Amino acid sequence: MVAVPAVSRGLEDVVALESRICFIDGVRGRLIYQGYDIRDLAAHSSFEEVAYLLWYGRLPTAPQLAELRGRLGALRALPPELVRQIDSMPVGSTPMDVLRTSVSALAMFEPSETGPGASSIGGAQRLTAVIPTILATFHRRRAGLPPLRERPDLSPAAYLLYALVDREPTELEARAMDVALILHADHELNASTFAARVTASTLSDLYSAVTSAIGTLKGPLHGGANERVMELLAAIGTPELAETVVKERLAKHERIMGFGHRVYKVEDPRATILREWSKKIGEAKGNLRYYELLRKVEEIVHREKGLYPNVDLYSGSVYSLLGISHDLFTPIFAASRVSGWTAHVLEEYQDLRLIRPTARYIGATDLAYLPLAQRTG
Ligand code: CMC
């Protein structure tokens, strides 16, 4: 008899491929991009440097970084056809739907072999540059803000804030966003990156792979968790009610968003850094309400379930304090993760093998086919 391999539901602990891009040490709580610890990158680098690192496998020199900055600034404008499409989307659409559809549409307006839409580092840079513009084009219309001005002088982090909040960010605000972008840039074979690699493994193009990834990131068990954390805080209201609300939810076997992780068995190092930033920005704004509530929720969830916070617990509090609408939190995750998605897609093209697992069939096999007229229901 042929041995039947065990099913690993959710592909848990399955090693699907080799990669040089990102390493998660779930036991020690470490996250490494191309050899560099996330703590060093968050303390000293910028999102552009990290994107360069993910794409090229090494940190840039000063001229290389300046060139990338210039290029990302110059690639931000949308084709007018796409602006018209975004302008015709219902204002009640979710920004994640707008982003998914716009990235998919963008591929049709760009030359696929030689232009910025090519499945190459040029395409990766184009997508990374353009996502904030797509989000801002939609958000500014629904919020009644004046049309977006091109600001190639701003860093990706400052541009994202300027475009979504409509004011020049302070240095501290821009740095908070920069750190958030660095922390979200890659995370090994998370669900959206895996989706991107599966798409790329069929030799499909970069834009299709990123479209798959955006649709996958949207779910509340993945990128959508940060929005739900803020809903929880709104439901709790004051720290005194935290115990009751959280325990009620746990008693109903509800998941508390922002906690738990498939790979980390200890605290997610990104949560540690974002907790510090939540406090820092809270102090600068004279509003520590979110920080204090989250600390309380953390204590309860750890006591009751032994769960640690993940990246999504504190990110929403930082974005809220920066003046960003809740439904833009997950799209901001995408604005950063696109650097990692595209790095993985390019790596997939270098070492391509069609990703195609199998399922254990548990249905029937020998049913007799009945003609339509004889079927009774
Ligand atoms: N709240 C309450 N219980 C939880 C949670 C949570 N957040 N996370 C896990 N558990 C419980 C779960 O109910 C299960 O308990 P039991 O064994 O009694 O049924 C046990 O812990 C194991 O859970 P699991 O679903 O088998 O674990 P997983 O590895 O499949 O889940 C996860 C990982 C992230 C989907 C899960 O922890 C979760 O749903 N967290 C909340 C959503 C969230 O914060 N997502 C963001 C993840 S980090 C950012 C990213 O990569 O996108």
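In this predicted model, E81, L82, Q85 and I86 of helix α4 are in contact with V98, S102, A105, L106 and F109 of helix α5, where contact means heavy atoms within 4.5 Å and helices are DSSP runs of H or I with at least four residues, numbered from the N terminus. By class, this contact has six nonpolar, two polar and one charged residues, with Ala, Val, Leu, Ile, Met, Phe, Trp, Tyr, Cys and Pro counted as nonpolar, Asp, Glu, Lys and Arg as charged, and the others, Gly among them, as polar.

The axes of α4 (residues 80–87) and α5 (residues 95–109) come within 10 Å and cross at roughly 150°; axes are lines fitted to C-alpha atoms over the stretch in contact, with angles from 0 to 180 degrees between N-to-C directions. The two helices α4 and α5 are therefore roughly antiparallel, a term for angles over 145 degrees.

The domain bounds, from an automatic or database assignment, are as follows.

| Domain | Residues |
|---|---|
| domain 1 | 17–221 + 325–351 |
| domain 2 | 225–321 |

Between them, domain 1 and domain 2 bury about 2,400 Å², 70% of it on carbon and sulfur atoms, buried area being the accessible area (1.4 Å probe) that two parts lose on being put together, summed over both. Of the area that domain 1 buries against domain 2, L183, P220 and F329 supply 24%, more than any other three residues.

Residues are numbered from 1 along each chain as its sequence is written, and side-chain values use heavy atoms, leaving out hydrogens and water. Local features need pLDDT of at least 70 and side-chain atom pairs count only at pLDDT 80 or more, whereas totals for chains, interfaces and linings use all residues.

How values were computed. Parallel < 35°, antiparallel > 145°, perpendicular 65-115°, else oblique.
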